[in-house]
Amino acid sequence: MASKEITIFIVDLSPSMANKSNGRNISDLEYGLKYFYDIVTNKILRGRKTDYISVITCHSNKTDNPFASEDSFRNIEIVSNKIAPTYDDLRRYNKLLRPNMTEMTEDEGDCFESMLVGIGLLKDTHKLKFIRNVVVITNAETNIKSFETKIADATRNAINEMNVNVVLNGIDFDIDGLHYPHKSREKAKNESGWVSVFDTYKTSKVYTTARIVESIIHNPPLKKVKPMRAFKGQLRFGSDHCNKNENSDYVPDLDQTCISLNVELYPALKAEKLPSGHQYKIDPENNSVDKTKYSKDYFIKLASSKDEANDNDDEVHKRRYVDDEENAGDLESVSVNVDEWTDGFKYSNYDLLTLDEDLLSSAKLASSPGMDILGFIKIEDLPYAYLTGESYYLLPESSCSYKNIVGFNGLCQSLIDLEGLAIVRYVQKSNDEINVSALIPSKIRVNERFVYAFMLIRLPFKEDEKIGKFPLLTSIKTTSGKSFTSNNDLLDDNPIKQEPDEDSSRDTNLPSTTTNELMESFILSKDLDRIERKNTHSDKFFVENNKVTLFNDSLISFPKLSNFGISSRLLVSSPAVHKFNLNIKKIITKSLEHRNLHEYLNDPNFIQNNLISNKNDSFGSSTNLFNLSNILKTNSTANDDWLADINENSIDVAKRLIKELDTKYVKQEDEAKKKRKMTNNNNLNDMFMMKNAQGNYGAGEGEYEVLPDINDLLN
């Protein structure tokens, strides 16, 4: 069951929120609501029924909250309370969340009191399993006099007891090294008061809006993935697993020569998918939307024939199954229910084998679930090409004994000290296929400590090996059977071209010594491990991934600095998925400015106005193409230009390599023109090269009736 979550937004609608501060062309309220719309649209796209929001406004035109009295909590309105947001709610918020330009009075509640109202609404969830969040959006320009009240002290205890995550979206706050000049004394005083109050909360954070907008574009919040257990059983060392399959009386727990550890297996790496879309039918007249549904119908073809033996009777049709439609005559489609047919295997024109459950079960190899260690090897002896399967985390059983944890950690640490790994026989469930996998020891960092774990990756069998036939770079074998190992041998064998010239290296396929040296230099110039790193951890068995140890979805994501060098720079979120999600949320937010969604989506200039970024784009100017500056930028602490800097180091050697290989951009010439150009040239060398270029397959003779088999060409 998905965890329940409620997020309460406190929005300041005071007149100062209509100001366009620090050169922006939008108001402070619009600037601060970027974060609000990002969170709400994200919740709408996820579509979880247990993901609630509440919206409370300060300095509203009316008072609507359960704590209001004649002299307190005035002009505080609960716009919505504990609802799963929809697109219609988003349009309603776009109309209601506007600055209130009426003058503020002394008896109305301030922004901090509005936050206290939100905390009061959370008390109904105190005994329930909820993730509780409170987000305050304000520029702190108006006077706040409720920081030191008694109710503020009581609310502090409630926030800490309910583990409420409190976030302040401070517009133009001097936070995280940013400084905004020309600030009023009142604003500076209120900023200091907000920071002091938030320091007393257990889980709280004050952000300046500029950092939040930056996180929306470059650092999307990390999404918690619920761990789904793939296996629960024993990791055994020394068990007679072959005897276990043949002898049902064998019990590994009673074998005194067998070491057993209770373990659990969880997925470690899964490809992040784009949000799944659905198909709808839209009626343009009344703007109604209906979701399309799909259904499968199964049928067979039957032929009908008249029974000629009985002319006096009415026509009687006999049905027979038809496989050859050309000789079937009139065919009739007859529907078949799913429970009326079964799978089969046709191995001749007259023989059909029914694949029923008894036959399928008899073909399965009997096996019992478990992991059995077959042996140990050095980690450097395992080729990377063998790591072909999905990866999993192997952990001690969640409710195991202390002895089991010590044994698991001891095995993991021993393999780390030996720089080795274990080869295991793995069966996930009864009578399932038998896998051979690698158990790679690792230590996962959790805050300032670490936990032991194994990475399990399936290894391929001989049948899984794909052998490619690639041309050799050290020798050339001609159609006549001659083999050449150097360019000089090729020149000597040429009866016409005996004298090497400046173009001789271009007429052969073998790389020269100079070419090999340049290619080696080019590869080394791209080596990421040679980047200068300071204070980086060299332990290759450490895993530092914030998503692995994520307990809840983060409201705001700022990557944490890492001490693991290049591995942490490469550990970033998918830029394609983030770009897709960002564009979807941009479309939803921009559609609020139009009369309805259908009209907005049918705009002829929809792509140009929404999916092509420009300097005035409220989501920031960017490109839809991936380059060295943005391909590894999503949720990364590295310098934006670090890949470009590496590329800069290889430019010189790349130019020399291009010149040596005579690589150039050319336009494709028509084959007939190329042939005429070579024929008109009386040079014997060109005539010879033209003949060689045609080969034995008649190049330039037009299309073939039968294409040659690729396997024959490779052989």
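A: In this predicted model, α1 passes α6 in a left-handed crossing. The contact is made on the α1 side by Tyr 31, Gly 32, Lys 34, Tyr 35 and Asp 38, and on the α6 side by Thr 209, Ala 210, Ile 212, Val 213 and Ile 216. Sorted by class, the residues that form this contact of α1 with α6 comprise 6 nonpolar, 2 polar and 2 charged. As for the geometry, helix α1 covers residues 28-46 and helix α6 covers residues 209-218, and the two pack at an angle of about 40 degrees with their axes 9 Å apart. Because angles under 35 degrees count as roughly parallel, and the angle here is about 40 degrees, α1 and α6 are described as oblique to each other.

Seen from α6, the residues Thr 209, Ile 212, Val 213, Ser 215, Ile 216 and Ile 217 are buried. The buried residues of this helix pack against α1, and also against the strands β5 (165-170) and β6 (204-208) and the helix α13 (575-591).

Returning to α1, this helix also packs with helix α2, which spans residues 87-96; the axes of α1 and α2 come within 10 Å and cross at roughly 165 degrees. An angle over 145 degrees counts as roughly antiparallel, and α1 is therefore roughly antiparallel to α2. The crossing in which α1 passes α2 is right-handed, whereas the crossing of α1 with α6 is left-handed. On the α1 side of the contact with α2 are Phe 36, Tyr 37, Val 40, Thr 41 and Ile 44, and these meet Tyr 87, Leu 90, Tyr 93 and Asn 94 of α2. By class, this contact of α1 with α2 has 7 nonpolar and 2 polar residues, and no charged ones, while the contact of α1 with α6 includes 2 charged residues.

Taken together, α1 meets α6 through residues that include Tyr 31 and Asp 38, and meets α2 through residues that include Phe 36 and Ile 44; α1 is oblique to α6 and roughly antiparallel to α2.

Definitions and conventions
Residues numbered from 1 in each chain as written. Predicted model: local features only at pLDDT ≥ 70, side-chain atom pairs only at ≥ 80, totals over all residues. Heavy atoms only, no water. Axes fitted to C-alpha atoms, helices over the stretch in contact; angles between N-to-C directions. Helix = DSSP H or I, 4+ residues; strand = E, 2+ residues; numbered from the N terminus. Parallel < 35°, antiparallel > 145°, perpendicular 65-115°, else oblique. Left-handed = near helix turned anticlockwise from the far one by under 90°. Contact = heavy atoms within 4.5 Å. Nonpolar A, V, L, I, M, F, W, Y, C, P; charged D, E, K, R; others polar. Buried < 20%, exposed > 50% of the residue type's maximum accessible area, 1.4 Å probe, protein only.
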